[in-house]
Amino acid sequence: MGAILAGGLSVAQADVTLFGHIDTSIDATDVDGGGDDINMNCTTCSIGFKGSEDLGNGLKAIFSLDFQYDTVNVDSSSLSDRDQWLGLAGGFGSVKAGTISTVYKSHGAMIDPLYRTSLQGRGRGLQSDFHNGAGDNLEGRADNTIRYDSPSWNGLEVGAFYTLDGDEDTGIPDPANPGSNLDEDNDAYGAGVSYTNGGIIAFADYQDNNGSSSDVGGDVSAWKVGGKYTLGMFGFYGQYEDASVDEDYPGITTPVDYDLTVWHLGASASLGNTMAYLAYGQGEYDNAGSSDNSYTSWTLALMHSLSKRTMLYTGFNEVDCDYNQPNSSACGNLGSSGGEDDKFSIGMKHKF
């Protein structure tokens with residue numbers, strides 16, 4: 001029996017890969033109105049297992065189980081879930097079911113040299129909050145979700161996702177049923193297309209939460225275009241996003257109705273294993289019934305690759321906000337009058 005078990009374990013291990021990400025940085029922040037500090041952080045550090053089983057006739061069963069942890073403050077929380085899914089892959093592409101990053105988020109990650117570091121664009125205003133968080137209302141990581149990714153047709157790929165209603169308890173009292181809370185019941189969906197050829201990466205995405213303003217979660221939709229062009233030692237990056245949010249459902253304290261645009265342009269220059277990166281972007285909130293508000297963000301960073309898997313980096317980012325915009329991680333640390341949120345970081349990132 002022991003030999004049989006050992007043999008079975010050996011076969012299973014041959015198809016399973018351990019992978020992960022460790023990022024440790026020292027971050028100095030200067031926030032108008034308070035919050036100045038120097039901290040050590042572990043940005044989206046994770047460990048996981050992925051694998052496949054050959055089912056024959058070109059078909060494979062595939063899976064991934066990814067968990068997030070914190071190396072610098074281990075008492076703050078235990079392991080938390082990241083992308084975790086089960087699926088099938090073959091000549092048709094792949095279909096996955098579980099908790100999965102949206103196509104919208106995946107394409108944004110392709111054009112951020114500082115992705116999953118303390119200076120990543122999605123956390124500093126260069127990309128919208130649709131690249132962040134987890135849930136079933138167009139967050140960057142979607143639960144209760146089915147995602148399809150096509151094979152590559154000469155560099156052209158198509159991806160789509162559909163999120164089933166999770167009936168999540170929102171904690172918002174239901175005015176029609178005293179003692180009960182409202183449930184979120186939107187079925188979000190999205191699709192995107194990308195093209196990769198040599199030094200060219202281009203993509204376009206659309207997503208919608210399939211709701212109305214009177215539903216919990218409101219009526220939310222977003223689209224974007226973006227890409228990257230590499231020419232020798234130089235790289236050029238850009239992305240433009242446009243979103244609409246309308247929330248006026250029962251139990252909401254303050255109805256929300258605004259249009260959002262977020263764009264950024266960036267450029268990099270590489271010499272050997274060292275890259276210099278500069279990016280500038282803006283976000284603008286067109287609020288119904290009030291004046292428009294906006295913010296600007298810029299990042300200057302230097303990255304040095306010690307190997308294909310290990311990188312040292314340092315950089316500075318400044319976000320300048322008119323006021324604390326709704327649903328914005330870029331301006332979330334500021335008071336209602338806005339101001340500047342500055343961050344200087346030095347860190348090390350290792351992938352395995």
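User: Which residue forms a salt bridge with Asp149, and how far apart are the closest N and O atoms?

Analyst: First the rule: a salt bridge is a side-chain nitrogen of Lys or Arg within 4 Å of a carboxyl oxygen of Asp or Glu. Here Asp149 pairs with Arg147, and the closest N and O atoms are 2.9 Å apart. A caution on the source: this is a predicted model, where local features need pLDDT of at least 70, side-chain atom pairs count only at pLDDT 80 or more, and totals for chains, interfaces and linings use all residues. Residues are numbered from 1 along each chain as its sequence is written, and side-chain values use heavy atoms, with hydrogens and water left out.

User: Is Asp149 buried or exposed?

Analyst: Buried means under 20% relative accessible area, exposed means over 50%, and partly exposed is in between (1.4 Å probe, protein chains only). Asp149 has a relative accessible area of 18%, so Asp149 is buried.

User: How many salt bridges does the rule give?

Analyst: The count comes to 4 salt bridges. One of them joins Arg82 to Asp66, with the closest N and O atoms 3.0 Å apart. That pair links distant parts of the chain: Arg82 sits in strand S5 (residues 80–90) and Asp66 in strand S4, 16 residues apart. Strands (E, at least two residues) and helices (H or I, at least four) are DSSP runs, numbered from the N terminus. Arg82 is buried at 7%. Asp66 is buried at 6%.

User: Which residue forms a salt bridge with Arg124?

Analyst: Asp341 does, with the closest N and O atoms 3.5 Å apart. Arg124 lies in the loop between helix H2 (103–109) and strand S7 (134–135), while Asp341 is in strand S20 (residues 339–351), so the pair ties together parts that are 217 residues apart in sequence. Arg124 counts as buried at 6% relative accessibility. Asp341 is buried at 1%.

User: Now backbone angles. What is phi of Asn57?

Analyst: Phi of Asn57 is near 55°, a positive value in a residue other than glycine. Asn57 lies in the loop between strand S3 (46–56) and strand S4 (59–68). At 88% relative accessibility, Asn57 counts as exposed.

User: And where does Asn210 lie?

Analyst: Asn210 is in the loop between strand S13 (200–208) and strand S14 (219–231). Its phi is near 60°, again positive in a residue other than glycine. With a relative accessible area of 43%, Asn210 is partly exposed.
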